[in-house]
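This briefing covers a helix, a sheet and a set of aromatic contacts. Please read it alongside the sequence and the model.

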Amino acid sequence: MGKAVVGATVVCAAVVCAGAALYVRHRMRSSGKWARAMAILNEFEEKCGTPISKLQLVADAMTVEMHAGLASEGGSKLKMLISYVDNLPTGDEEGLFYALDLGGTNFRVLRIQLGGKEGRVVKQEFEEVSIPPHLMTGTSDELFDYIAEALAKFVATESEDFHLPPGRQKELGFTFSFPVRQMSIASGNLLKWTKGFSIEDAVGQDIVGELTRAMERKGLDMRVTALVNDTIGTLAGGRYYNNDVIAAVILGTGTNAAYVERAHAIPKWHGLLPKSGDMVINMEWGNFRSSHLPLTEYDQELDAETLNVGEQKFEKMISGMYLGEIVRRVLHKMAEEAAFFGDVIPPKLQIPFVLRTPHMSAMHHDTSPDLKVVGSKLKDILEISNTSLKTRKKVVELCDIVATRAARLSAAGILGILKKLGKDKVRDGEKQKSAIAMDGGLYEHYSKFSSCMESTLKELLGEEVSKSIAIEHSNDGSGIGAALLAASHSQYLEVEES
């Protein structure tokens, strides 16, 4: 009997020892996996580094590319498009003006009554109209007839609060957010459709001509006086309220910048110099590239899988379309090589663009002690449940790395514009303030991004210069801005001045 007990005790002890050894091996294996996951994260952070010295080089490269793009067509990756906008709003504008904002599957029509310096925007109204899918791939006439009809209905609802002086034709600012080669302030040929549109007979046509003929067919007496994009609309809206605005930057799903250049500093401009001496330049800065940009393997892989491989490199590092996707790619590698979320790679984590930037922003801004928001986002979007607090903290850290790099690079881009305009230094006797008008969902809603961008710009400029540079949110440039540009380029202005 005693021998049996001793034997059982020995067996139990052996089982306990084997269990302990297994536990130790498991701990060693999981700590090894954790170390590998941290190595991936740390290497990514290092590659994303944006020390001030690097950002200064990025800003200098932006300035060089701006000069090259202004010198000749195709001289730079920055298109530096001449917008033909040579008069920005002053605040003196009076009267009734319309805007049409066509930039995706919806369009907006807007009317605005301007009351000069005293009244400013007396009254405004707008309406949003969705475009039926079949019109996005039909004919040019069908699409523009549909738009003109909606515009005519909107005009018909005009109340007595809105009034035109007798004998005047209604005037419209047209925001058209597709690639266009601008021919004048009120004409431009469509280069190609994007965002799901494919209307072949409109490509190569003057888009204002297409709209004008449709308005005539609907019996609508209205003239397009300005064809612009949303970035230039943002610049106009910013300048209307603040005369110090010299540039506009959109940081949303995509990104772009526009600024006011002296017309004589544009070598590729061959027309008569405008009376104002100024010309707004649409930079198309999303296509900027430089060897100084801190690109990683994840950026290269993302680029290789997009429709426009090799293009829009800057946009793919800083805009809302891509930030969440960069986070997903790094998480996927940590899951694949270091079992970051357990032994099986979560299937949802393998789907490109499943993690959007608003999700990333929500996780980044989570201040709850147990990072509850991070846990629920991982569960709801990626179907990863039961994550530890340690894991959640690393997800927040990753969001911070991606957002910080994007914000700091955006600030370097803005510095490049300021350098081109000679606004990056304080000059003796100059007290002139300069303002940058900002818009876009990324800037407006991702507060850790926007505050990092603004503090980086201050750091780059230094204390003295940054006192003379203001960043301002200019909302709804694509709507109000277009109506204001219709006003500042009205066909009746010269009559009134002469």
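Helix α12 covers residues 389-420, and its 32 residues should span 46 Å at 1.5 Å a residue; the end C-alpha atoms lie 47 Å apart, which agrees. The model is a predicted one.

**Helix α12 and its ends**
- Helix α12 is mostly covered, with 25 of its 32 residues buried.
- Just after α12, Gly422 has a positive phi of about 70°.
- Lys390 lies over the face of Trp34, at 4.1 Å from the ring centre.

- Strands β9 (residues 245-251) and β10 (residues 255-262) pair in the antiparallel sense over five bridges.
- Ala248 stands opposite Ala258 in β10.

**Aromatic pairs**
- The count of aromatic pairs comes to 17.
- One of them joins Phe176 and Trp193 edge-to-face, with 5.9 Å centre to centre and 70° between the planes.
- This pair links distant parts of the chain: Phe176 is in strand β5 (residues 170-176), while Trp193 is in the loop between β7 (187-190) and α5 (207-217), 17 residues apart.
- Phe176 counts as buried because its relative accessibility is 3%, and Trp193 is buried with a relative accessible area of 10%.
- The ring centres of Phe178 and Phe197 are 5.2 Å apart and their planes stand at 70°, so this pair is edge-to-face.
- The pair also links distant parts of the chain, with Phe178 in the loop between β5 and β6 (180-184) and Phe197 in the loop between β7 and α5, 19 residues apart.
- Phe178 counts as buried at 7% relative accessibility, and Phe197 counts as buried at 5%.
- Phe174, Phe176, Phe178, Trp193 and Phe197 form one aromatic cluster.

**A charge over a ring**
- Arg108 lies over the face of Phe126, at 5.1 Å from the ring centre.

Definitions and conventions: Residues numbered from 1 in each chain as written. Predicted model: local features only at pLDDT ≥ 70, side-chain atom pairs only at ≥ 80, totals over all residues. Heavy atoms only, no water. Phe/Tyr/Trp six-rings, centres within 6.5 Å; stacked < 30°, edge-to-face > 60°. Helix = DSSP H or I, 4+ residues; strand = E, 2+ residues; numbered from the N terminus. Buried < 20%, exposed > 50% of the residue type's maximum accessible area, 1.4 Å probe, protein only. Lys NZ or Arg CZ within 6 Å of the ring centre and 35° of its normal. Expected span 1.5 Å × (residues − 1). Pairing = 2+ DSSP bridges.
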